[in-house]
Amino acid sequence: MPDGNPTPTLNDQLCFALYSTAHAVTRAYKPLLDEYGLTYPQYLVLLVLWEQDGMSVKDIGDRLFLDSGTLTPLLKRMEAAGFVKRSRDPEDERQLRVNLTAKAHDLRAKSQEIAYKLFCDFGRSLPELVALREDLTNLRGELQKSQNQPE
């Protein structure tokens, strides 16, 4: 172990550093998203749909690494709040499509303010944050490969 102790401590664990950092990031987003009536997972759904509107629930789940049991109630709450509209795909009624509403489209411009505020709070340069994101993405990919899971 880095500190010479043969028994790993909590702070020696990479998993705890990742978990606690992810939790801190989510907490940092909370007051910014509260202003718009969004939770962090709902914001992630919007980010995905701003890239490609009209995705299937399955495709959204694949992008966010969420199962339908987690995603469906989240999308129902987003629909009730007026951010998305869910409808059956006319070409394949087994598929449920999710489309952004005007309210969600209007929020897209404001999302840049949210991203900028968080960028400032990280206290790192853009190249440092890009490198960190790439390292974490690569780490996730390696873990998924070792567990034979899709990326």
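Student: How many positive and negative side chains does the protein have?

Tutor: There are 19 positive and 22 negative side chains, and the centres of the two sets lie 5 Å apart. Lys and Arg count as positive and Asp and Glu as negative, with His and the chain ends not counted. Each charge is placed at NZ of Lys, CZ of Arg, CG of Asp or CD of Glu. Keep in mind that this is a predicted model, where local features need pLDDT of at least 70 and side-chain atom pairs count only at pLDDT 80 or more, while totals for chains, interfaces and linings use all residues. Residues are numbered from 1 along each chain as its sequence is written, and side-chain values use heavy atoms, leaving out hydrogens and water.

Student: OK, what's the secondary structure?

Tutor: Six helices and three strands, following the pattern α-α-β-α-α-β-β-α-α along the sequence. Helices (H or I, at least four residues) and strands (E, at least two) are DSSP runs, numbered from the N terminus.

Student: And what does α1 look like?

Tutor: Helix α1 covers residues 14–34, and its 21 residues reach 30 Å from first C-alpha to last, close to the 30 Å expected at 1.5 Å a residue. That expected span is 1.5 Å times one less than the number of residues.

Student: Which residues in α1 are buried?

Tutor: Val25, Tyr29, Leu32 and Leu33. Buried means under 20% relative accessible area, with a 1.4 Å probe and protein chains only. Their cover includes α2 (40–51) and α5 (102–122).

Student: Switching topic: how many residues are in the largest nonpolar core?

Tutor: It has 28 residues, and those with the most contacts inside it are Val45, Leu46, Leu49, Ile60, Met78 and Phe83. A nonpolar core is a set of buried Ala, Val, Leu, Ile, Met, Phe, Trp, Tyr and Cys residues joined through side-chain atoms within 4.5 Å.

Student: Which element gives the largest share of this core?

Tutor: That's α2, with six residues.

Student: What does Leu46 touch?

Tutor: Leu38, Met78, Phe83, Leu100, Ala104 and Leu107, not counting residues up to four places away in sequence. Contact means heavy atoms within 4.5 Å.

Student: One more: is Ser56 buried or exposed?

Tutor: Ser56 sits in strand β1 (residues 55–56) and counts as buried because its relative accessible area is 1%. Leaving aside neighbours within four places in sequence, Ser56 is in contact with Gln95, Leu96 and Arg97.

Key:
Buried < 20%, exposed > 50% of the residue type's maximum accessible area, 1.4 Å probe, protein only.
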